[in-house]
Amino acid sequence: MSNIRYRKKDFVRGMCHCVWHDKEGWQLSEETQKTDLANFKELNITSWRNWGDANDNMLKKFGDMGCTLAPTMRNKVPASCYKDGKPSGNKWASAAEREAFAERIKEICNIEHTELIETYLLGNEQTMKGRDTSRRLVFSGYDEETQNAFRLVWLKERFGTIDRLNSLCKTDFGSFSAVDIGDNRLLNTEYWFFIRNSFESFLQYGIDEVHKQRPEIKFGYARLMGRAGPTCDDANCDRMETATQNLYWHWWRDFSRYSVRLDELCSVSDRPV
């Protein structure tokens, strides 16, 4: 490359370590974990992602092995569904749900060895869009609260009147409550923005509460790209301190297939990736 834009320190090479072992089952021995970590070090992988929250004993154990940790908070944004009722994705969160999440995330403030946390992941693979029961590629977020928030709050604020929405989107809805995005491209775009905004603002509410007490803790969210094209990629969560991405080698057997979106992920900000 003639113009290298990325600094080495911008990248954290991590590995989500599978807890299954063909001989040891679900409980890996200390010896196996140390052997795995030694193999990771040879590949310059210095961060270990675990499924679940962190505690000081766990952080110290990995710290003694020269490794940082990327814990994953198990509970996610309140769940939603596709239009056909198949559970998927995240719903618009009410004030009570935001407060409950803030209380849950503030448990992180009790951790002492925060210097060993590479980034604290607030969930895994958001799923704004996926396959319903008929295998059609559709948006999630079709619970009643999310739909009402989109129609009666988001669209009203964005368009002002139903006449203006109809004029710009070439539709003929009688009211905001009657809006259905269907195959309308402009309304699909609006819905995409709405889902992203709802998801990011929910997580940010909790992050802001933690940073009042422990501003040094960095947060991320384990995104997924490549379900069925860029429109299905998870929200970038621009205000988080780290940009975290799940890459599945077995999908394409070729990381060049991720290259354009990885380039965007690495170049849009100074966040570690």
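A cavity, as I use the word here, is a set of grid points where a 1.4 Å probe fits but cannot get out, and its lining residues have an atom within 4 Å of a point. I note at the start that this is a predicted model.

**Entry 1: cavity.** The largest cavity holds about 60 Å³. I listed its lining as Val 77, Asn 90, Lys 91, Trp 92, Gln 126, Thr 127, Ser 140, Thr 146, Ile 195, Ser 198 and Phe 199. Which element gives the largest share of that lining? Helix 6 (residues 185-211) does, with three residues.

**Entry 2: whole chain.** I counted eight helices and 10 strands in the chain. Of its 273 residues, 47% count as buried. I put the accessible surface of the chain at about 15,100 Å², and carbon and sulfur atoms hold 51% of that area. Among contacts with a separation of 6 or more, 64% are between residues 24 or more positions apart.

**Entry 3: strand 3.** I then turned to strand 3 (residues 68-72). This strand is largely enclosed by the rest of the structure, because five of its five residues are buried. I checked which way the side chains go: Thr 68, Ala 70 and Thr 72 point one way, while Leu 69 and Pro 71 point the other way, and all are buried. In a regular strand, side chains alternate between the two faces of the sheet.

**Entry 4: the neighbour of strand 3.** I traced the pairing with strand 2 (residues 47-51), which runs parallel to strand 3 and is joined to it by five bridges. Opposite Thr 72 of strand 3 I found Trp 51.

**Entry 5: positive phi.** Most residues other than glycine have a negative phi.

Arg 135 is not a glycine, yet its phi is positive at about 70 degrees. I placed Arg 135 in the loop between strand 7 (129-131) and strand 8 (137-139). Is Arg 135 buried or exposed? Its relative accessibility is 56%, so Arg 135 counts as exposed, the cut-off being over 50%.

Lys 170, also a residue other than glycine, has a positive phi near 60 degrees. I located Lys 170 in the loop between helix 5 (162-169) and helix 6. Lys 170 counts as exposed because its relative accessibility is 72%.

Terms used
Residues are numbered from 1 along each chain as its sequence is written. This is a predicted model: local features need pLDDT of at least 70, side-chain atom pairs count only at pLDDT 80 or more; totals for chains, interfaces and linings use all residues. Side-chain values use heavy atoms; hydrogens and water are left out. Buried means under 20% relative accessible area, exposed over 50%, partly exposed in between (1.4 Å probe, protein chains only). Helices (H or I, at least four residues) and strands (E, at least two) are DSSP runs, numbered from the N terminus. Two strands pair if DSSP finds at least two bridges between them. Contact means heavy atoms within 4.5 Å. Accessible areas come from the Shrake-Rupley method with a 1.4 Å probe; for residues, only the protein chains shown count as cover. On a 1 Å grid over the protein atoms alone, a cavity is a set of points where a 1.4 Å probe fits but cannot get out, and a pocket is an open set with protein on both sides within 12 Å along at least five of seven lines; lining residues have an atom within 4 Å of a point. Grid points are joined across faces, edges and corners, and a volume is the space filled by probe spheres set on the points.
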